[in-house]
Amino acid sequence: SSSSSSLSSSSSSPPSSSSMWLGWGYLLMCCAFAATQGSASATIALGVAYAGDLGSMSAGIVFACHTLTSLLLAPGVAQRLGGKVSLLIGSSLMTLYVISYFSLHSNSEALYRPLIIVGSLLGGVGTGLIWIAQGVYMTRIVREHAVRTGIFAPKISGWASGIFAAIALGGEVAIKGACTPIDLSTPAYLFLILGLICALSTICLLLLKNDLSSIRIKRRYNEVIQHDEAPLAHPSNIPVILGEGGERGGLMSESDHPLNDAAAQEKSWKKIVATINLLRTDSRILMLLPFNLCFGMTLAFLNYFVIGNLAKKTFGAASVGAIAALKPASASFLSLPYSYFIPKVGKRLMMLYASLNYFIVGVVCLLLPQKHLETKVIVVMLCIIAGSGRAVFEGANKGLLTDMFEENVEGAFGNVMFQSGFGATIGFFAYPHIDRTVITAALCGISTLGGLGIIQIIRQQNRRLDNDHAINGGGGSISSRTGDGDMSHRRRSSVAIQPPPDLGAPEM
């Protein structure tokens, strides 16, 4: 029919810039998320700097609650209530967390300590919810746009997630940097300003339209069926304009269909089970465990010691925000050149390089005395090196997970979230009570184990390639032997609707 032919032609032709426009509502969601998440991230850095051990404990509570919420609570809540409502709930809880630090103005520990602890519990739940909710909202916007335009959904999701990542990271850098020139009589007012930013962002989320419901998707599919007079009994049998299709010749299976409410409700539990089973049965995820723990522990060390201690003494308390912004800024800047090197040297070698970055942070702080560490060059260098490691963690690491665990991607990303969050939680709780020598020695040790785990994975890959060479003939390039040749010998089957890439745990 004419309608189906138009869909076919639209999906095969390159999309124009106007057809990729997702609307002002999507940009509003991205900006509101960036403002809320950036304010919460700045609160963690400033809280450690201004509240000392209480700030570190607060950060540990946030990360612990974030990790548990992301795995146990947030997927089900977001599926049941929708992206918009879940974003509103998460943003409101994070606003309460940020505002709780204004209680420092009272100078009464009996008042501000319980308020900050309760606020941290709420903020951790809110953070875990908002990260899942934005993914749900983004996915449903992508579905709606794909139905309306006929454009291949993974193209739209790639574009949408790129916009989201740029705005989210830019918002974090901007808010942390903006905290620097503010010179107030007491730092508690900084948290009041950040809390007002969160509150304004939450109000802006009310302007979003409700994300596409299953009923509306079904109605739209039924309209297409009736218009085409096609002999299709169920929306799941519509030719997939939202993907390339798989073994069934471009048709969605009913169990994989996004309208299958039972599948949506079971998804969160499947993710939990997949995470546990993968950790229990697959040795490769155990090899990646030290690397992921190292990322979380280094994140906590940077906030607690480098920013909360060294930067505060070296640059002054007013400059803590700007120094905290150095890590995400350097990660953003280095992501582009690293994306050029990844296809040439492979994801695994880049992850080995990230382990070296973490080791350098630990060994510098282990060997240099305190007076030498309290220099501007050293503080800036440590933040940039840690940002370099984050760039690899967000890029090559997650790309490698997609390659290695094609049949259990959710379990792989669930393990990364849990392991890195667990490392950060341990760090924030333990570092205030441990000598710096012990902390940095532990960082050197765990980063070394992380590198050895990557080397072992490289050796496994090389053995597999050697076996393939013996059976099929031919050789392998450097990239194929270090992580980018995993999928070269076969084409990955596409699912009908690809959700946006997992952005992982928030970088605090």
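1. Tyr-50, Tyr-97, Tyr-101 and Phe-191 make up one aromatic cluster. Rings of Phe, Tyr and Trp (its six-membered ring) pair if their centres lie within 6.5 Å; planes under 30 degrees apart count as stacked, over 60 as edge-to-face and the rest as tilted. Across the whole structure the search finds 15 aromatic pairs.

2. This is a predicted model: local features need pLDDT of at least 70, side-chain atom pairs count only at pLDDT 80 or more, and totals for chains, interfaces and linings use all residues. Residues are numbered from 1 along each chain as its sequence is written, and side-chain values use heavy atoms, with hydrogens and water left out.

3. Tyr-304 and Tyr-431 form a tilted pair, 6.5 Å centre to centre with 40 degrees between the planes. The pair links distant parts of the chain, 127 residues apart: Tyr-304 is in helix α10 (residues 283–315), Tyr-431 in the loop between α15 (409–430) and α16 (436–472). Helices (H or I, at least four residues) are DSSP runs, numbered from the N terminus. Tyr-304 and Tyr-431 are both buried (under 20% relative accessible area; exposed is over 50%, partly exposed in between; 1.4 Å probe, protein chains only).

4. Phe-418 and Phe-422 are stacked, at 6.1 Å between centres and 10 degrees between planes. Both lie in helix α15, four residues apart, about one turn of the helix. Phe-418 is partly exposed at 33% relative accessibility, and Phe-422 is partly exposed at 43%.

5. The whole structure has zero disulfides (pairs of cysteine sulfur atoms within 2.5 Å). For Cys-383, the nearest cysteine sulfur is that of Cys-365, 10.0 Å away. Cys-383 is buried at 0% relative accessibility; Cys-65 is buried at 15%.

How values were computed
Helices (H or I, at least four residues) and strands (E, at least two) are DSSP runs, numbered from the N terminus.
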